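Let's take a walk through this structure together, beginning with a ligand and its surroundings. Have the sequence and the view at hand as you read on.

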Amino acid sequence: MNNFTYYNPTKIYFGRDTIKNIGREMRERGVKKALLVCGRQSIFSTGVYDQVSSSLIGWYVDFIRFSGVQPNPLLSKVEDGIRLARQEGVDAILAVGGGSVFDSAKVIAAGVEYEGPVWDLFTGQARIKSALPLFGVLTLSATGSEMNGSAVITKADEKKKWGIVSRHLYPRVSIIDPSVQAWLTKRDTVNGAVDILSHVFELYFDGSKSGELMQEYSEAIIRTVIKNIKILLENPADYEARAQMAWAATLALNNSNAAGRSGGDWATHDIEHSISAFYDVAHGAGLAVITPAWMCYVYREDLHTFARFAQKIFGINSGTVEEQAQEGIRQLREFFREIGAPLSLQDLGVEYQDLENMAENAVQARTLGRLKPLQRDDVLAIYQLAWDQQGLNKRECDSYD
Ligand code: NZQ
Ligand code: ZN
């Protein structure tokens, strides 16, 4: 187990009927006027907006609404939010929505405090030195943004979907009421499940020797997601399943799962972000396609962990270590098929002639990955594997079929 520092300042309220706490929490922290950042319509149809606004009004927290944040949130929208926050003189930002809303709110919070173009904070031109206090009411569990310091934003004109991480971007308080997720579409629920799994995989397969506790912890999250997504596909309003998924999402990316590891691999995420930047594909959908392809490409770098994954998650105990590793990847893809996730870049509408540009785009800032460092040609090979459903079958990964 590596040495580690654990930092997480976010206070969480979890469970039914917890949204009412937001006004008091903000008031007690001295907030007078907040920018309420939200998406397009779901918070109105689910009743979340009414719950939030009545809590704010009840605690005399003034607020101005900034709606219309879309999935794969845009820099231009964030810039509008920064302008409005300054114009209105708000002293806090309140995110009410999913990861896209949280990420936009985080970058607005940092951007208000930074005089130059906010994109400087992504390119490394400038560091985040402060941000307005951030609060959140989560309506979609997937990204972990409710309890971490990360944000991902798309600069559409340059097709750059890039992330930032800062200790200033943790929400002070996040409220997670799983019952409001009952209205999520099947597609958003599946995408969320895949994203949670991917966060665990990025850490689990980073080549570190984190030890038994962290491996078991990751496997518990994986099993929880696999079990509960199936329940939710049958009954989207099953509260206990929503609650299990919601807490799994938070734990998967709130640093607790990173303890003692080497920081994660994150190549799958970076490779996916270029798909979303080119095609505005949902993050979880892109991950479902890239994850098995990435695994196929790299599993030989850490056969034992891939075999352990197969044993612990899918109960595969026969065959050589390599055969077990391969079978684990195949079973994961079967699971994605079973829950209706997309399986190929073609399913996502990606054009074959864009693969080279996407590969260049993915590596423009740095070499990707930790388990196996990936350059442009590696990324291209992974896109080619993911291109059609046959791609993986033709390769060594499934060649024993
Ligand atoms: O716009 P509205 O109408 O609100 O609809 C949203 C949106 O269409 C809908 N929705 C949200 N809550 C709902 C609901 N529909 C019904 N009932 C509810 N309770 O869901 C749709 C998707 O929302 P979005 O916020 O885009 O989804 P998600 O939470 O998956 O966020 C994805 C974004 O987060 C980034 C992704 O790259 C992507 O841009 N990520 C952020 C990370 C982080 N900050 O740590 C890490 C992740 O790996 C990821 O990269
Ligand atoms: Zn993710």
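Four elements each give at least two residues to the shell around ligand 1: helix H5 (99-112), strand E6 (150-155), helix H7 (186-204) and helix H10 (267-279). Helices here are DSSP runs of H or I with at least four residues, strands are runs of E with at least two, and both are numbered from the N terminus. Domain 1 (11-181) and domain 2 (186-398) each contribute at least three residues to the shell around ligand 1; the domain bounds come from an automatic or database domain assignment.

Before going further, a word on the ground rules: this is a predicted model, in which local features need pLDDT of at least 70 and side-chain atom pairs count only at pLDDT 80 or more, while totals for chains, interfaces and linings use all residues. Residues are numbered from 1 along each chain as its sequence is written, chains are lettered from A and ligands numbered from 1 in the order in which they are written, and side-chain values use heavy atoms, with hydrogens and water left out.

Which residues come nearest to ligand 1? Of the 32 around it, they are Arg40, Ser42, Gly99, Ser100 and His199, where being near takes a heavy atom within 4 Å. By class, the shell around ligand 1 holds 10 nonpolar, 17 polar and five charged residues. In this scheme Ala, Val, Leu, Ile, Met, Phe, Trp, Tyr, Cys and Pro are nonpolar, Asp, Glu, Lys and Arg are charged, and the others, Gly among them, are polar.

Now look at the oxygen atoms of ligand 1. A polar side-chain atom of Ser42 lies 2.7 Å from one such oxygen atom, and a backbone N or O atom of Gln41 is 2.8 Å from an oxygen atom of the ligand. His269 also takes part, with a polar side-chain atom 2.8 Å from an oxygen atom of ligand 1. Taken alone, ligand 1 exposes 970 Å², and the protein buries 90% of that; such areas come from the Shrake-Rupley method with a 1.4 Å probe, and for residues only the protein chains shown count as cover.

His269 sits in helix H10 and His283 in helix H11 (residues 283-298), 14 residues apart. Both His269 and His283 are buried, meaning under 20% relative accessible area, with exposed over 50% and partly exposed in between (1.4 Å probe, protein chains only).

Finally, visit the loop between strand E3 (62-66) and helix H4 (75-88), where Ser67 is found. Ser67 counts as partly exposed because its relative accessibility is 29%. Ser67 and Gln41 are 26 residues apart in sequence, and their C-alpha atoms are 8.5 Å apart in space. Asn72 is found in the loop between E3 and H4 too, but Asn72 has a relative accessible area of 7% and is therefore buried. The side chain of Asn72 makes a polar contact of 2.7 Å with the side chain of Lys161 and another of 2.8 Å with that of Asp280. A polar contact is a pair of N or O atoms within 3.5 Å; within protein, one must be able to donate a hydrogen and the other to accept it, and residues adjacent in sequence count only if both atoms are side-chain atoms.
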